[in-house]
Amino acid sequence: MNGIIAFGELHGVFAWLYDLLASTGLSQPWLDVVRYTVLGAMMFVVLALIALFLVWWERKIAGHIQQRFGPMRNGWHGWYQTIADAVKLLQKEDILVDARDKMVFFWAPVLCFVVAFLAYIAIPFGEGLIVADLNIGILYIIAITTFTSISLLMAGWGSNNKYALLGGMRSAAQAVSYEVPLVASILVIILFVGSLSMVDIVNAQSGFMYNWFIFRVPFGPIAFVTYIIAATAEANRTPFDIPEAEQELVAGYNVEYSGMKFAMFFLAEFVNGFTVSAIAVTLFLGGWHGPLDGSFLPSWVWFFLKTFAVVFLLMMFRWTYPRLRVDQLMEFAWKFLVPVTFANLILGAIIKYAGWYW
Amino acid sequence: MGIIKKLPVYAEKVPGGGIVTTSLEMVLNQARARSLWYLLFGTACCAIELMCTGASRYDFDRLGMIFRATPRQSDVILTAGTITTKMAPRLRRLYDQMSEPRYVIAMGGCTINGGPFYYDSYSVEKGIDHIIPVDIHIPGCPPRPESLLEGCLHLQEKIKKEKLSDWQEK
Amino acid sequence: MTKEQLQTAITEKLGDKMTLLDTGRHDLMYEVKRENLLEVCKTLKDDESLAFDYYLNSHGVDTKEKFEVVYNLASIIHKTRIDFKVILPYDSAEIESVQTIWPGANWFEREMWELYGINVLNHDNLTRFLLADDWDKGFPMRKDWDAPGFIRMPEL
Amino acid sequence: MGGLKTEEFIVNMGPQHPSTHGVCRLMLTMDGEIVKKIEPVIGYLHRALEKICENRTYAQCIPISDRFEYVTAMSCNQVFSMAAERLAGIEIPERAEYIRVIMLELNRIASHLIFYGVTAMDIGALTPFLYGLREREAIIDLFEMTCGQRLTYNYIRPGGVSKDLPKEFVPQCRSTIAMIKEKLNDYEGLLNENPIWLARTKGVGYLDPKLAIAYGVSGPVLRASGVDYDIRRDDPYSIYDRFDWKVCTRPNGDTYDRYLIRLDEIKQSIKIIEQALDGLPEGNIKAKVSPNFKPPAGENYARVENSRGELGTYMQSTGEKKPLRVKMRGGSFCQLQALPHFGTECFIADLVAIFASLDIILPEVDR
């Protein structure tokens, strides 16, 4: 347990809550239903706030990178700019094109929004701060995050617009070609942890900083770099944001969406960015562990610090790199990333078999 | 906008319901005013001034205005430049594509009454008032970025004074 | 290659077909008959000593009693420039298209046809492209053109 | 897979599109992502400038010429006043010539900075757009100091220049030039060796020199295909022959070379401005010309090298104070005419890159 009593002491609070719940005399299945809905709702609220913060943070960072201020007039340094955006999008008329594919058009943003939050069930925010410690944690997360590209394809097809269709097709091609290197670079870590559960992965990196997987030369850094590249493609961020390429396809898949439907896509994009960096932190940067052995900060603070650092890295990509073309993007994935990650996997296996790791 | 339109009717019946609508009205107006997304629609010389206003020296983003490429997701259509007779039906269609709480800023002399092309030009629309309803006119050929920003501030003031009942008839 | 050398080269190659006018300021201005336009253009382009391969511009002029079609050409190799015009009577305003010699003339002739009504023979795509699709008020650039909404600037 | 029935579809890169700078509409016949046929539809900005100029005196034509090509409005003023001066045989004083060259070259740098920003934005990098426009603001301050306007200057008039340079123009111009020269290294560092930028622009949209000459393509696009032709040197006007500068050309005519050549041209313009600032003589700035002078009957085609190629104005006068005919010829008109012949068989993303590298703006095409 951490030295300093802080929010990390959540177990006591949870334990007291469960006893109170059990005392109400509900039968067993209903008990879990209530418990998980409460946990899920808490996680949703936290993530919605983080997403709103990320939107504002990205506009501020973009501003300062581009020698300007970003939102300033709406509150001190524009802090409630994103809230104003959200409430405005609430009031917007929801235009439904007659020639749309009704069901597909309606369910695309819903799927994108829901899936973006589902991935957080298995991500540990801190010591014990996990909704459900699934024993197939990372496999579940990878499976869920592929749904976003399906929803983009649905949006592209549903809105019956040539630009949207092109955007949808591109997102499908991109997701397929970057899933393989993503999984391969994660497998190297699983090789050394031996278990798919995220908590075990983080515990395998406890102790001093050099235990983190990123510092386990030679396979660690390579896996981290390939993971970050594949993850930027999964989260549709520049230089891989071809499904929503502003200059070529007007607005890619969300050409026909307005009002709340567009807000769902917009928010899901940022939540995906946060998911991808949360996974990167859990796998490579030692989850909630501090750099020294007994850390002086509560565990979840370390987690958020590291995640926002990785998100900052993704944002730096967005405002410095031009965009890749569709065929270059896939060529880069199949001809460069896949061989590198497989070689890394074999290298990891050799090291594991020969025992040269710490 | 469905729920928000009907709300004042229900709220009036409840005693003290007026406070609910006025406070809600203030919140909605403030939100609409503080996050105007303008459509990237530059036809002529004013488009260059629009770009300069969007750039780092005058920066639209301070007011919370970012450009959107599709009319669906934009609230303000900033007609920057001359509208010719061939472009007028396109402008009308773009305006129809925008979702409802939408506003128009007519930037530059050409959009007010044809500007320098009022005389002797057979293909310039003398102003765009008869094509789409205009909220704010910004004179100048091309107007300075400061006057463009002032026009946007005026639009924000106008939005803040709107009533929920305005949306009843629309 | 100075102007005088160019002038002697032209009179030597196309003496009879191109008569020098004195209205040209700063550059040589010639006049060509409508019949031998294509032949003149071909020699101007293919002849090594002239080599006018760079087609700059061509447009119509309405001088109230006749049309003029003015061509501006340049030569990249010799760094020279030349203009020549073809006078067309008001009623039968027709001219051969030089598009086969200089492909760049396509849009210039199309615009001349649309704004002046000078018919261009065997031009591959003589359709409207500058004015509105439903334009039916004649040829606007003519001096005698007028239309209901057309306001002229009052004399100061 | 032969049995699969595929058909090409037509996409409208319509009058309102983020990457067509202005209102150009390209009807693309596409087979999936590959552009098979381009059919430009123009006329959305046809403001009848030529008809307007026929009812204006020579001095009144100048504000109309600003709107003819508003990104480098100085070169339009220059070409109009040069045509009028040649018609009327006006000699302009020495100081006015120097001021004109300084203004023209400053405007060329400003236009190339916009090109740099917009091309980078069209290929996906949003930040260079802001850097390019930041430097341009420094140049705009110089213009504002002399002629009071940011975009449509109405500064160069038949007979010379409208106002003399203020005292603090020369030092500020020197510091701006020095700042831009130093900032160019940032620009080159950001994009020149960027692997994604190279992948997106190298070998894309090859323009054959013969095709370029056949379609009358001019300016940096022509020189990027290896043709060594620059009006400032080959059909000399004003006092460009007094300065030593080099016409830069690039051999292989693809989008990357069209991007590089503009950065070279900025360097050459800086060299010209420095020499012009050193040699700036004293003296009056305008020849004695009455605003509505009546040039003798005659005609004349004046040409100027602006950042988009050859800007030409044909003026014909019959002795009255209004020109009989004013024809304006812009570089973008021929480049857009040539686009369907070398911009096809590529991805839509490449087409956007090629379109941006041609630096086409629509007032020159539609007038």
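**Exercise 1. A proline in chain A**

Where is the place of P218(A)?

*Solution.* The model you are looking at is predicted.
- Step 1: Find α8 (198-203) and α9 (219-234) of chain A; P218(A) sits in the loop between these two helices.
- Step 2: Look at the bond from V217(A) to P218(A), which is cis, with omega near -5°.

**Exercise 2. An overview of chain B**

How many helices and strands does chain B have, and in what order do the elements run? Then describe the box and the domains.

*Solution.* 
- Step 1: Counting gives seven helices and five strands in chain B.
- Step 2: Reading from the N terminus, the order is α-α-β-α-β-β-α-β-α-β-α-α.
- Step 3: Along the principal axes, the C-alpha atoms of chain B fill a box of roughly 60 × 35 × 25 Å.
- Step 4: The chain is divided into domain 1 (1-34) and domain 2 (36-162).
- Step 5: Between the C-alpha centres of these two domains of chain B there are 29 Å.
- Step 6: Where the domains touch, domain 1 of chain B brings six residues and domain 2 of chain B brings seven.
- Step 7: On the domain 1 side, the contact residues are two nonpolar, two polar and two charged.

**Exercise 3. The sheet of chain B**

In what order do the five strands of the open sheet in chain B stand? Work out why one side of β2 and of β5 of chain B is left without a neighbour in the sheet.

*Solution.* 
- Step 1: The order is β2-β1-β3-β4-β5 in chain B, with parallel pairing.
- Step 2: β2 (67-68) and β5 (136-138) of chain B are at the edges; each has a single partner strand, so one side of each has no neighbour in the sheet.
- Step 3: Follow β1 (residues 38-39) of chain B to β2(B): two bridges join these parallel strands.
- Step 4: Within this pair, L39(B) stands opposite R68(B).

**Exercise 4. A sheet in chain D**

*Solution.* 
- Step 1: The four strands in this sheet of chain D pair in an antiparallel way.
- Step 2: β1 (9-13) and β9 (346-347) of chain D each pair on one side only, and these are the edge strands.
- Step 3: β1(D) is joined to β2 (residues 25-31) of chain D by five bridges.
- Step 4: Across this pair, M13(D) stands opposite L26(D).

**Exercise 5. Two helices packed in chain D**

At what angle do α11 and α13 of chain D pack?

*Solution.* 
- Step 1: Helix α11 (residues 255-278) and helix α13 (residues 348-358) of chain D pack at about 30°, with axes 9 Å apart.
- Step 2: Because of that angle, α11(D) is roughly parallel to α13(D).
- Step 3: The crossing of the two helices is left-handed.

**Exercise 6. How chain D meets chains B and A**

How many residues of chain B are in contact with chain D, and how many does chain A give?

*Solution.* 
- Step 1: Chain B has 31 residues in contact with 27 residues of chain D.
- Step 2: α3(B) gives the most to the chain B side, with six residues.
- Step 3: That side consists of 18 nonpolar, seven polar and six charged residues.
- Step 4: For chain A, 21 residues meet 26 residues of chain D.
- Step 5: Elements giving two or more residues on the chain A side are α7 (162-193), α11 (299-320) and α12 (326-354) of chain A.
- Step 6: The chain A side holds nine nonpolar, six polar and six charged residues.

Conventions. Residues are numbered from 1 along each chain as its sequence is written. Chains are lettered from A and ligands numbered from 1 in the order in which they are written. This is a predicted model: local features need pLDDT of at least 70, side-chain atom pairs count only at pLDDT 80 or more; totals for chains, interfaces and linings use all residues. Axes are lines fitted to C-alpha atoms, for helices over the stretch in contact, and angles run from 0 to 180 degrees between N-to-C directions. Angles under 35 degrees count as roughly parallel, over 145 as roughly antiparallel, 65 to 115 as roughly perpendicular and the rest as oblique. A crossing is left-handed if the near helix is turned anticlockwise from the far one by less than a right angle, and right-handed if clockwise. Two residues are in contact if their C-beta atoms, placed from the backbone, lie within 7 Å. Ala, Val, Leu, Ile, Met, Phe, Trp, Tyr, Cys and Pro count as nonpolar, Asp, Glu, Lys and Arg as charged, and the others, Gly among them, as polar. Two strands pair if DSSP finds at least two bridges between them. Domain bounds come from an automatic or database domain assignment.
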